[in-house]
Amino acid sequence: DKEKGYVTGDPELNKMVGRTGVAQTDLRPSGFVEVDERRIDAESTGGFIGRGSTVSIVRVQGVTLFVEAAE
């Protein structure tokens, strides 16, 4: 449990919520994004996002970032 130090996922990913990254692959809805030169599994919350698009990180679940197209 969390009190004994067990944490699922990568705690550093939680710090990325609210930041932006770049889609390294098409997100249909899943693929990869790059944030701070780190390639991370991602899933679009709103459908297709093309490779090279800027994305906003809206939440983290386990080791997956959930993103939407940045405006």
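Tutor: We may begin with a term: a residue is buried under 20% relative accessible area, exposed over 50%, and partly exposed in between. Please note that the model is a predicted one.

Student: Is Arg38 buried, partly exposed or exposed?

Tutor: The limits to apply are 20% and 50%. Arg38 has a relative accessibility of 32%. That value lies between the limits, so Arg38 counts as partly exposed.

Student: With which residue does the side chain of Arg38 meet in a salt bridge?

Tutor: The N-to-O distance of this salt bridge is 2.3 Å. Arg38 belongs to strand S3 (residues 38-44), while its partner lies in the segment before helix H1 (11-14). The two are 28 residues apart, and the pair links distant parts of the chain. The partner of Arg38 is Asp10.

Student: Which parts of the chain does the salt bridge between Arg19 and Asp36 tie together?

Tutor: The closest N and O atoms of Arg19 and Asp36 are 2.6 Å apart. The residues are 17 apart in sequence. Because Arg19 and Asp36 each lie in a loop, the parts tied together are the loop between H1 and S1 and the loop between S2 and S3.

Student: Is Asp36 buried, partly exposed or exposed?

Tutor: Arg19, at a relative accessible area of 33%, is partly exposed. Asp36 has 55% relative accessibility. Since exposed means over 50%, Asp36 counts as exposed.

Student: What is the N to O distance in the salt bridge of Arg28 and Asp26?

Tutor: Arg28 is exposed at 60% relative accessibility, and Asp26 is partly exposed at 28%. Their side chains meet in a salt bridge, with an N to O distance of 3.0 Å.

Student: How many salt bridges does a search of the whole structure find?

Tutor: Among them are the pair of Arg38 and Asp10 and the pair of Arg28 and Asp26. The search of the whole structure finds a total of four.

Student: In which order do the strands of the closed barrel run?

Tutor: The barrel has five strands with mixed pairing, and the twist from one strand to the next averages 55°. Strands S1 (residues 20-23) and S2 (residues 30-35) pair in the antiparallel sense over two bridges. The order is S1-S2-S3-S5-S4.

Student: Over the ring of which residue does the charged end of Arg39 sit?

Tutor: The charged end of Arg39 is 4.0 Å from the centre of the ring. Elsewhere, Arg59 lies over the face of Phe66, at 3.9 Å from the ring centre.

How values were computed
Residues numbered from 1 in each chain as written. Predicted model: local features only at pLDDT ≥ 70, side-chain atom pairs only at ≥ 80, totals over all residues. Heavy atoms only, no water. Pairing = 2+ DSSP bridges. Helix = DSSP H or I, 4+ residues; strand = E, 2+ residues; numbered from the N terminus. Axes fitted to C-alpha atoms, helices over the stretch in contact; angles between N-to-C directions. Lys NZ or Arg CZ within 6 Å of the ring centre and 35° of its normal. Buried < 20%, exposed > 50% of the residue type's maximum accessible area, 1.4 Å probe, protein only.
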